[in-house]
Amino acid sequence: MTKDDPILTPRDTDIADAELHARLMRTWTSPPGLWAAIATVDHKVIARRYIATAFVFLILGGILALAMRLQLSRPEARYISPDRYNQIFTMHGTNMMFLFAVPVMEAMAVYLVPLMVGTRNIAFPRLNAFSYWMFLGGGLLLWLSFALDTAPDVGWFAYVPLSGPEYGPGKRADLWAQMITFTEIAALAVAVEIVVTVFKQRAPGMSLDRVPVLVWAMLVMAFLVIFAMPAIMFASSTLILDRLVGTQFYNPAKGGDALLWQHLFWFFGHPEVYIIFLPAVGMVSTILPTFVRRPLFGYMLLVGALIATGILSFGLWVHHMFVTGLPRVGESFFTASSMAIALPAGAQIFCWLATIWAGKPVFRVPFLFVLGFIVTFVLGGLTGVMVASLPFDTQVHDTYFVVAHFHYVLVGGAVFPLLGAVYYWFPKMTGRMMSERLGKLSFWLIFAGFHLTFFPMHILGLIGMPRRIYTYQPELPWAGLNLFVSLSSLVLAAGFLVFFIDVVRSRRSGLPAGRNPWGASTLEWATASPPPAYNFAHIPVVFSREPLWDEKDALPVTSGLRTDRRELLVTSLAAAIPQARESVPEDSLWPFFAALATSAMLIGSIFTPWAVVWGAFPMAVTLIGWFWPKGTKEEMS
Amino acid sequence: MKEQAVLDVSRLPLHGMGAASPTWWGTAAFMLIEGSGFALAVAVYFYLMSLAETWPIDAPAPDLAPGTWLTAILVASVVPNMLISRWAKRRQLRRVQIGLVIMTLLGIAPLAFRVYEFPALHVWWDDNAYGSITWTILGLHTTHILTDLVDTVVLTCLMFTRHADNPRRYGDVQDNAMYWNFVVLTWLPLYVCLYWVPRL
Amino acid sequence: MRSKLNLRAGGLLLALPLCGCNGTQSALHAEGQAATALKGLILLIVLVCALVWIAVVGVLFWALLRRRTEFAAGNKIHDHRLRLAVYSALAATAIIVAGLTVASFYATRALYSSHPPDVIVQAKAQQWWWQFTYADSENRPLFQTANELHIPVGKDVLITLEALDVIHSLWIPALAGKQDMIPGRRNEQRLHAERQGIYRGQCAEFCGIQHSHMALVVVAEDEDDYAAWLAEQQKPAADPITAEAEAGRAVFLGKPCAACHTIRGTAAKGSTGPDLTHIGSRQTLGAGLLPVTRGSLAAWIADPQTLKPGNNMPLVPLSSDEVRQVSAYLEGLR
């Protein structure tokens, strides 16, 4: 077995902290400059970019929502033309799902998972860089099409035949379908990185039963991405084929089927909800123990519930198709399976309640968002039980009741925890605290604004208001509630405004945070805030589930890694026993070029199938450049 | 926070082979993604079949010859593929080089037959849904043969350079061999689907 | 017992301001057999879920605000009690969810009647209106109408559902839940009105630019009125009685109108637009957009694209006199 000479190679043993820091920085930091910034493979830098970009998309999507509320604030309003309105609601859904919710959750994983498992970078860091550029490309594609008034107008679900060759003229539906490909490539890449980071790069001693719940949640989410996203890629690609080269997948006259699209879409679409929600469960399970000052109650039950939710989520998709006229026996099965998911969801809630009950709550902003989450998400979960009932669903399907339901689940269930997570980890990411005062103001505005905006929508749905209508007639009894909802949405928007002001202000002038401002228990708080490029001067060794609570005197660490090249530890899958001192790739521009080549091919193939052929050559060149060894220290073994 | 060194890792190897290497897991994860893709394609095939009154739609069953020859070549290629993997594990450079040249040829050969598989379907992709799904399945699998072929060619070149004699490269060779096995293995259900299901 | 609970919950919901008071398009204003069964189920599930939510939030507040005298982390007895509480709550969840599933199954059974229907109507949805074809007892088509269904009270009406272009969904909440209309597939919907009245419905599946204006009205009337309506509708169009209407007919037949619309008894035999033989007898125009009056007819003919942007009726250039004449003619087609 090849070994480097222990005498000649510089190591991290027996040198002063300052000297070690200087040496590791030399090895791990990217040089200044634009090209170096593009070439960086530091998971923290890429994750911060990812998060910031996703929040920009949240703002843009929020502005679209306000535009829709303006149009619906009174009957037969003419602020927005029907065509533009259809683009707007399509953009809002597509943007929030594919450009905000999924990417932001994955980006949080990209930032937090390596730190929480005690490693120095994410697995396949260049793939990670590539993923960000693809995500950015997909976002730009969608928003440029909106700016040019040719945005998709077929809904975020793009049902055929409305999105098919006959009824969806122009390139609008193609832009939607290809944007899917961009974002799914990005999402799948991150999923692979998370799985491998969690499986192989955990700190020594972090056996599977000591893995933080957030990391478990991200792992299950990554597997959901791996199994669910191929379905939407298959669907969107076949839609493009139908539109571009005349395949007949969705044409009933030629043996195709309109419902095939719905099956494929929802086979992805339902797990998608859990792709967004499970990371939020992880965030709540991490934030909550910190603010009630005791370990999470029912770790095993919670992890079991995460896995059970993940598996069950693939057996529910037909409840989105209850009124399509599928055979009744099958539909009854899906009612039962949809109801069954209440059990793991219940288990999570009860574990959190038990943790609070047995703990000593400290009411800081992140904890407020967690409490807001519980109150809101339970309501959204219960309306989920309602729409899981087939007969109930025949009255509320495609109405504002459903709009209310999934905003309770996605905003209450995922965005509240996410905002809590931003307040919680902002000190780690920037080294500065956010404001408690502005935080509380923003929480109460968002919490109140959210309920005032979305609760009345349940009633609107029950009294007959369908979704996706750009206006309604004055004789219908919906005008008052709609105006109320529109005004309330301003409160919600004000809450977000305060949040963003707080982010900008705190980034510049927040109080210094120190390593562990909340007195939390997980490994990311063992290093400086913000963490140095190399994350940990020495890789920690883990003996319990709450290392920073249980190791009060000194953090046990490893020694013996080289300082002159990027080295980290690879450990075994179950018990995290060290297996190798693996080196990881240096910065590179190739992922960026590969993303450019891939984007060119994908965009070209909206217009001609031959783009796939000629586009493959630049892609091959960039990929070879990416993987071809350069003879650096990192490649020695 | 104070640190206390409790574990010396300086004696660990610099690179893990097989399941001890992150690359192996990465390759496995991508196989899982693509495997889901193939499984979906097969599911769509059967879904469309269940809706059609006759299957194949307005076409005879595909000719067996090209697809069966291709299957035979793919299955046969598994033997040298496994051998390469073993040589790479033992770091026998010369054998690995020869094996990779052979695998390059065995990657090109199926493509020659694939060209004849499309007309053997006796249906165009835009004739009907049957044509669409069969062309798509063939196209999807062809992409996999092609990408692995490119990968093999690049790796073959690499193994004749100064970067060759390195555990990392041998790991790449093993992962590439594993991926080729995946390409062969996923073809078998597709072959049954495309050629034998219409004959039921 | 249950009906009492329903009543109370129903009162709660109705007490909210701005509830569907005119009730024409509301799941809570049930006037059909299916809708009544659904309303019962809706109120039951809403009530149970409301209680669960109150319980969970109550426990949350209790957990947050309780006095912590005996607080001790890692206390074994303590943890044991907590575990018991969590598992009991889980068991309760399972029981509630199973109960609601069973209630759901029973409600589903009530929705689908198996005995032969009294009336069969064929519905064909298209961008952005509804075409209805009534047939006789041997299933031979009698006549076509648009955007307005008439059904006899207390009878089982079977609507066969087809879509001619994209997916639509027929939803008349006061009578029944919705059912999709999918190209290449055939679905069914049963309506059984329990009381006379006019019920509004609307397309519930996004179907393009004018999805918002794809409504219909259902007139549930007693047996005699229904029979009279059937008889009227089968007649060919009435001849104009005024000179203005007479001129209007000439304009209608001379201009492109007749290429898309049918008026039985005249040369107008187009089939892409709604059948106008008895347009004057209908409640609404443009699929629930406007009430049928002479003024609204004139406005619609003069500029359909402003009233319903993107709809498939082109602007046919007519002089203001011609618009007046055509609207007079159409209004007379009762």
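I looked up the contact between chains C and A first: 68 residues of chain C and 66 residues of chain A take part. Here two residues are in contact if their C-beta atoms, placed from the backbone, lie within 7 Å. This is a predicted model, where local features need pLDDT of at least 70, side-chain atom pairs count only at pLDDT 80 or more, and totals for chains, interfaces and linings use all residues. Residues are numbered from 1 along each chain as its sequence is written, while chains are lettered from A and ligands numbered from 1 in the order in which they are written.

**Entry 1: chain C against chain A.** I noted which elements of chain C supply at least two residues each to the side that touches chain A: α2 (33-65), α3 (76-111) and β7 (179-181). Helices (H or I, at least four residues) and strands (E, at least two) are DSSP runs, numbered from the N terminus. The largest share of that side of chain C, 16 residues, is from α3(C). I sorted the residues of the side of chain C that touches chain A into 42 nonpolar, 20 polar and six charged. In this sorting, Ala, Val, Leu, Ile, Met, Phe, Trp, Tyr, Cys and Pro count as nonpolar, Asp, Glu, Lys and Arg as charged, and the others, Gly among them, as polar.

**Entry 2: chain B against chain A.** I found 46 residues of chain B in contact with 57 residues of chain A. Two or more residues on the side of chain B that touches chain A come from each of β1 (3-8), α1 (22-51), α4 (129-159) and α5 (167-196) of chain B. α1(B) gives the largest share of that side, 15 residues. The side of chain B that touches chain A has 29 nonpolar, twelve polar and five charged residues.

I then checked the strands across these two chains. Strand β1 (residues 555-559) of chain A pairs with β1(B) in the parallel sense, over five bridges. Two strands pair if DSSP finds at least two bridges between them. The bridge partner of T558(A) in β1(B) is L7(B).

**Entry 3: two helices of chain A.** How do the axes of α8 (residues 258-292) and α9 (residues 299-312) of chain A cross? I read that they come within 11 Å and cross at roughly 175 degrees. That makes α8(A) roughly antiparallel to α9(A). Axes are lines fitted to C-alpha atoms, for helices over the stretch in contact, and angles run from 0 to 180 degrees between N-to-C directions. Angles under 35 degrees count as roughly parallel, over 145 as roughly antiparallel, 65 to 115 as roughly perpendicular and the rest as oblique. On α8(A) the contact is made by Y274(A), L278(A), V281(A) and S285(A), and on α9(A) by L302(A), L306(A), T309(A) and G310(A). The residues of this contact are five nonpolar, three polar and no charged.

**Entry 4: a sheet in chain C.** I traced an open sheet of five strands of chain C in the order β4-β10-β9-β6-β7, with mixed pairing. β4 (148-152) and β7 of chain C are at the edges with a single partner strand each, so one side of each is left without a neighbour in the sheet. From one strand to the next, the twist averages 25 degrees. Strand β6 (residues 168-171) of chain C and β7(C) run antiparallel and are joined by three bridges. L170(C) has Q179(C) as its bridge partner in β7(C).

**Entry 5: strand β5 of chain C.** Strand β5 (residues 157-163) of chain C has V157(C), I159(C), L161(C) and A163(C) on a covered face, and L158(C), T160(C) and E162(C) on an uncovered one. Strand β1 (residues 119-126) of chain C runs parallel to β5(C), joined by seven bridges. K124(C) is opposite E162(C) in β5(C). β5(C) and β8(C) run antiparallel, with five bridges. L161(C) is opposite N187(C) in β8(C).

**Entry 6: H192(C).** I located H192(C) in the loop between β8 (187-191) and β9 (197-203) of chain C. Is H192(C) buried or exposed? H192(C) is buried, with 23 other C-beta atoms within 10 Å. A residue is buried if 20 or more other C-beta atoms lie within 10 Å of its own, exposed if 12 or fewer, and partly exposed in between. Not counting residues up to four places away in sequence, H192(C) touches G32(C), Q33(C), A34(C), D156(C) and V157(C).
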